[in-house]
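Trainee: I would like to learn how to read charged pairs and nonpolar cores in a model. Where do we begin?

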Amino acid sequence: MVSPEQSQLSQLNRLIDEQMSNPAFGIDELCRELGISRSNLFRFVKEQTGMAPSLYIRQLRLVKARDLLENTDLRITEIAFMVGFERSQMLSKYFTEAYGKSPSDFRNRAVESDSFARVYEQDIEEDEGAPDESRPENEDLLPDVAEERIITIPHNTKPRNRYRRKTVLAVVPVLLLIIGAVAWFSPLNPFRRAIPADYSIAVLPFRNVGASDTHYFSDGVMQQIHGSLSRMENLKVISRASAMLYEKTTKAPEEIAAELHVAYLLEGQVLQAGHRVTLSVELILAGENRTIWSNTYEGDEQHIFDFMGQVSSQIAAELNQKLSQTTRLELKQAPTQNMAAYNEYLKGQYLLRNRSEEGIRGSLLNFDRALALDPGYADAHAGKALAHFLLVAEGINESRQTKLLAEKEALDAIRLDARNAQAYLILAKLYQAQGKWEQAKTTFQIALQYSPNDALINYSLGLLLRTIGQVDRAIDYSTKAYALDPLLPVILMGHVGNLISAGQYEEAEKLVQEGNRLHKQVANWYWTTAAYYFARDQFALSIQELDKGLALAPASKYFIYRKAITRARMGQPAETLAILDTLPDVVENYAYRAELYAGLQDKDHCLAYLEKGLTTEQIPVYLKVTPLFSFLHGDPRFRQILTRAGLDGPVSMPEKANLVK
């Protein structure tokens, strides 16, 4: 049954479509046609699409323009007129902002992408399930011709390959939400407003009270509820990584809440016995150690999705969360109707927890079983995408086939579920690995649109923004990630790194002290503290921190190389020169050799290896902002390298911050 909101949105879409070629058609005309005030129109469109009405109209015009560019031979000036832009220059300006390329470049790219799609399908069909013996290792992460095939998907297009035939993205509001992610940094974006302290919760690990071999099920139920709550943009939800540290804790609720900086805790227990399931949950006001709501749900296992939706809805009500119609529908929607497929999916997710090769490969078997039972299970495709990506990220299998499979599964997940944040996260990381910065940034933003409380997405976007020199925005996102995941070392490491790049040493020092308290047994933490002292030109202290890391990871070449580099900056070049003498001059070492020469402040050799690395995508991370390469700033050869790497443009700094030396 169509809801009143859906009916009204359909009417609005129809009106815009009918007046598409009329450049004068705008908010006043919509208000007259719909019989509502400007304020009510703004509220309705904002709730349903996440955008202001004027941006909604413009993005719908751009969707139509993209459709025409892909599927007609009309000239760009004709298309501009047909979609309501008085001049083709206006279309070009807004189209480039939305899609990262001009209309003419997009049309040329679309032709290339279609050619690639046909080859790509053949590659996957021939290679799936077979060893990759014909392709060289360490190829570029995804071919260039795959660029931006999945950021936005036009409606009303004719199917042209087997992947488009699967698409379920014909619903205009969903498409506009995806495209609207390009306006993520708007001051009107509610995500960027501060969340009241009382609206914060940690979902603690649910206790499995059934057989030991059903632990995966209780873990999956907890994860599902956590994911639902994370979609509520005005609710701070602590990440699973930090919450999982309390799996077997004896700490009191108020102590846990103080460590996680939250007001509420959700505890639960799950019993799965045969085809029956019992779910018990308890919402605790931690400061008073008082239960404010609890309930027990019992029934056949196929009711578990309804139970989880009720839990999330009740918590939203208790914490005064206003849910959009879309969110309400999502809470009621089951990811699959096949419980056997759901169980296989949960087993796969459970195996991914430790990221071992055995676990990753085992998870693929479970995800495949889930898809055999339910071919339309989007989350299982996203699980496969993550598993293939982890094979690459963990250095287990970096073949081109594995990278393509990660992309393929993420694309399949999105075509089945346009709001699948995990699939967008994987795609963003794939783009980032290729140096496709704008595509990566847009895709990260889309992922956050659908899961604003995901610490990993916030953290990853922060690192990308640091890479491209937008350190002010990087700090915004790493601050959010640290608030959501205060106990995971890598989150704090990324946040401190962003602060260092921005020259915010006072704040960085405070967090260094906090990290020293929490993470003194984590080797990589000392990489961060060493970087802090290096940026301050306190090289002796940086050496001390590197020695602490080497004590925990004595074979780490990263620590060994950085120690030599730091000594070189102290006027002791012997270690660096010795490493350069023995380090093979091969592609895999170009970035290392550039860093070692940077330690020596040898401009010519450093730039030569940056140049070599640029042609093989073997350049150091954070090249644009790291203090190690600051001695090259101002050199036109360095600026040219940044430009060729797509890293040109000024460094965007927070107010009162200075670029590090």
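Mentor: We begin with a definition: a salt bridge is a side-chain nitrogen of Lys or Arg within 4 Å of a carboxyl oxygen of Asp or Glu. Keep in mind that this is a predicted model.

Trainee: What is the general idea behind such pairs, and how many salt bridges does a search of the whole structure find?

Mentor: Side chains of opposite charge can pair when their charged atoms come close. Here the search gives 23 salt bridges. One of them joins Glu-409 to Lys-408, with the closest N and O atoms 3.7 Å apart.

Trainee: Are Glu-409 and Lys-408 buried or exposed?

Mentor: Buried means under 20% relative accessible area. Glu-409 has 2% relative accessibility, so it counts as buried. Lys-408 is buried as well, at 7%.

Trainee: How do I relate a salt bridge to the helix that holds Lys-548 and Glu-545?

Mentor: Look at the spacing in sequence. The side chains of Lys-548 and Glu-545 meet in a salt bridge of 3.1 Å, N to O. Both residues belong to helix α25 (residues 539-552); they are three residues apart, which means a separation of about one helical turn. Lys-548 is partly exposed, with a relative accessible area of 39%, whereas Glu-545 is buried at 6%.

Trainee: Which parts does the salt bridge between Lys-563 and Asp-547 tie together?

Mentor: In this pair the closest N and O atoms are 2.7 Å apart. Lys-563 lies in helix α26 (residues 557-569) and Asp-547 in helix α25, so the bridge links parts that are 16 residues apart in sequence. Lys-563 is buried, with a relative accessible area of 17%, while Asp-547 is partly exposed at 33%.

Trainee: Which residues do salt bridges with shared partners join into one network?

Mentor: The network consists of Asp-368, Lys-384, Lys-408, Glu-409 and Asp-412.

Trainee: Now the nonpolar side. Which residues of the largest nonpolar core touch the most other members?

Mentor: In soluble globular proteins, nonpolar side chains tend to be buried together. The largest nonpolar core here has 110 residues, and those touching the most other members are Ile-201, Phe-206, Leu-266, Leu-279, Ile-304 and Leu-610. Helix α18 (residues 421-433) gives the most to this core, with nine residues.

Trainee: What is Ile-201 in contact with, leaving aside neighbours within four places in sequence?

Mentor: Its contacts include Leu-229, Leu-235, Val-262, Tyr-264, Leu-283, Ile-315 and Leu-319, and also Lys-236. A second, separate core has 33 residues, among them Leu-9, Leu-15, Met-20 and Leu-62.

Key:
Residues are numbered from 1 along each chain as its sequence is written. This is a predicted model: local features need pLDDT of at least 70, side-chain atom pairs count only at pLDDT 80 or more; totals for chains, interfaces and linings use all residues. Side-chain values use heavy atoms; hydrogens and water are left out. Buried means under 20% relative accessible area, exposed over 50%, partly exposed in between (1.4 Å probe, protein chains only). Helices (H or I, at least four residues) and strands (E, at least two) are DSSP runs, numbered from the N terminus. A nonpolar core is a set of buried Ala, Val, Leu, Ile, Met, Phe, Trp, Tyr and Cys residues joined through side-chain atoms within 4.5 Å. Contact means heavy atoms within 4.5 Å.
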